[in-house]
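Let's take a walk through this protein, starting with some of its rings and ending at its surface. Have the structure open as you read.

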Amino acid sequence: MEQFDKWPLLGGINSPEDLKALPAEQMGPLAAEIRDYLAYRVTENGGHLASNLGVVEMTMAIHRVFDSPRDHVIFDVGHQSYVHKLLTGRKEQFDTLRTPGGLSGFTKRAESPHDPFGAGHSSTAISAAIGMAEAEYQKGSDAWTVAVVGDGALTGGLAYEALNNCAHHLRLLIVINDNEMSISPNTGSLSRHLSKMRASRRYLRTKRFTAGFIRRIPLIGRPIYKLLRRLKRWIKHMFYRENLFEHMGIRYMGPLDGNDAVVVEDYLRHAKRLDHSVILHLRTTKGQGYAPAEEDPNAYHGVAPRDISCPIETFSQVMGKELTRLAVIDDRICAITAAMSGGTGLEPFRTVHPSRFYDVGIAEAHAVTFGAGLVAGGMRPVVALYSTFLQRAYDNLLHDVALQQLPLCLCIDRAGLNGADGATHHGIFDVAMLSQIEQITVYTPVTAAGLCRSLREALQQEHMTAIRYPNGGEDPRIRAAFYGEKDADATPQVRAFGAPADEAALTIVTHGRITAVALEVVERLQQQGIAASVLLCEYIAPYERLAGEVAPLLGKRVLFLEEELLCGGFGMNLSAALALKKPYRVMGTKDGTLTPCAGQTPWQAAGLDADAVLQSALTLIEKEN
């Protein structure tokens, strides 16, 4: 359990009621303690630092004005909810953040009643908040729903679909945490004065009375009213600048200094008095109060744990460098990412080929269809996305790419199970999704050279291609077993390790990072005097072609092993293509929402660690003896 001797004010906050009991003059010192604690803890455990440092005052003010959990506070993405967790009774467990069995790095309904809606993907909060606010309205409740939206979430189309459906009558507050780009250009005292005036009850009553009085004047009343309304709009446009939100019929206040606790709390109370849907636009400084994060907020957006050493070169970096090199040779090659240029390794491409680099924001569906349009126009785009985010573009893959047989290339990063980010970021669904698409080649390289070769080959194909690779870099155990000193740059194929097919009691057929588990299991079987082998598939689709390569290499029994979703995945499709007459078993992830217990890895929670796979292999062997 975490000790808070160094942070006495924070140590005394066990619920939002404790926060409300503090005098206003202690908000500044409390904010400083929270920032100091976040910098200490997040740099130890890893996580999202800069964005949370920026929302300290905003989050404190929300919990002083509203009554969570009766009032609902929904954070978009959820990665900016660390302060919220600290203030809602979870500070003693905060040292378990992003660890198995510990606090999630995102909001999670099962974790606390103060997390009314979970999120690990972006741009969902407004839709969810409108739904919850409408539910409260239907029940006759006066509870409020607050959606905290920021960090690029408004680049996602879902946010605007939601705004288009936002009803005026709801007790709904949308707080825009603007920490990177300006939504509205007005600043200064005039903006603050107009925002506050427009939020007051006196202003609203006066406005209604004046409008009614003028309209009732015989003959000339209505023409005068229309003229005054046009004049007001002209003045407002000249001095205040209406924005998109007001054109959509949603009352807007701001922009305001989101790192001024007094100002934020004051305007939240004004917004609450309006008793209908309103947007409050706050500008915050990403990394506020922690010098390294203020100087380079992008570098401190996501922080790795101190005891984690990164490989010399990750697969993401390899892909980005090779694509940059290929684009020098072929000026049709371009790169598309959805607000993840750093994470997907595309920063070198952005620098060298800026005119052919496209960051479309958090809009994965648009990224795929935009790429399809580029292909139809004669370009050769590569769409680089995390596996978990590709899920948002499934219809686009089917309707806009596959149906038209367009040779779009997908680079699928963070494939397979992922640890600290939890269930929302497991890359386990893409194989099953892609396996339903005819005329697609799915590459699964396990070496840097193999990734480069796959990319070069993919860009020569005349049908859709996908290249899957995990977080991190090469596993030396896999390289040593299957390549040794040989060139790992050969055409993607099926590689064998272990006993010959006619001697192997069991063959494990696998692909990707989990091949290391297969190798360990074969070694342990051999220690028990059981001959076994591993087949490494450097591509997994088309399955009919793969089956032709795999079939001659199989032993007496077959275990298909993958760290993706079991249903509809690699093992099921390949075993069907093989039409096996010999005993076989398929092992994969059965539950897409698996949650490891304390001390467990995701692979242990999924039953895909070496012990579990060995036991399954032995059961299969013994059953058929």
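A residue is called buried when its relative accessible area is under 20%, exposed when it is over 50%, and partly exposed in between (1.4 Å probe, protein chains only). By that rule F4 is buried, and W7 is buried too.

A word on what you're looking at: this is a predicted model, where local features need pLDDT of at least 70, side-chain atom pairs count only at pLDDT 80 or more, and totals for chains, interfaces and linings use all residues. Residues are numbered from 1 along each chain as its sequence is written, and side-chain values use heavy atoms, with hydrogens and water left out.

Back to the rings. Rings of Phe, Tyr and Trp (its six-membered ring) make a pair if their centres lie within 6.5 Å; planes under 30 degrees apart count as stacked, over 60 as edge-to-face and the rest as tilted. The whole structure holds 13 aromatic pairs. One of them joins F4 and W7, edge-to-face, at 6.0 Å centre to centre with 70° between the planes. The pair of Y37 and Y40 is tilted, because the ring centres are 6.3 Å apart and the planes sit at 50°. Y37 is buried, at 0% relative accessible area, while Y40 is partly exposed at 33%.

Now for the cores. A nonpolar core is a set of buried Ala, Val, Leu, Ile, Met, Phe, Trp, Tyr and Cys residues joined through side-chain atoms within 4.5 Å. The largest one has 70 residues, and L323, L410, L455 and L574 have the most contacts inside it. Which helix gives the most to this core? That's α15 (residues 315–329), with 6 residues; helices here are DSSP runs of H or I, at least four residues, and strands are runs of E, at least two, numbered from the N terminus. Setting aside neighbours within four places in sequence, L323 is in contact (heavy atoms within 4.5 Å) with residues including I333, F349, V382 and L455.

Next, find F75 in strand β1 (residues 72–75). F75 counts as buried, at 1% relative accessibility. Beyond residues up to four places away in sequence, F75 touches several others, among them T59, H84, T107 and V148. A129 is 54 residues from F75 in sequence, yet the two are 9.6 Å apart in space, C-alpha to C-alpha.

Last stop: I224, which lies in helix α11 (residues 221–239). I224 is partly exposed, at 31% relative accessibility.
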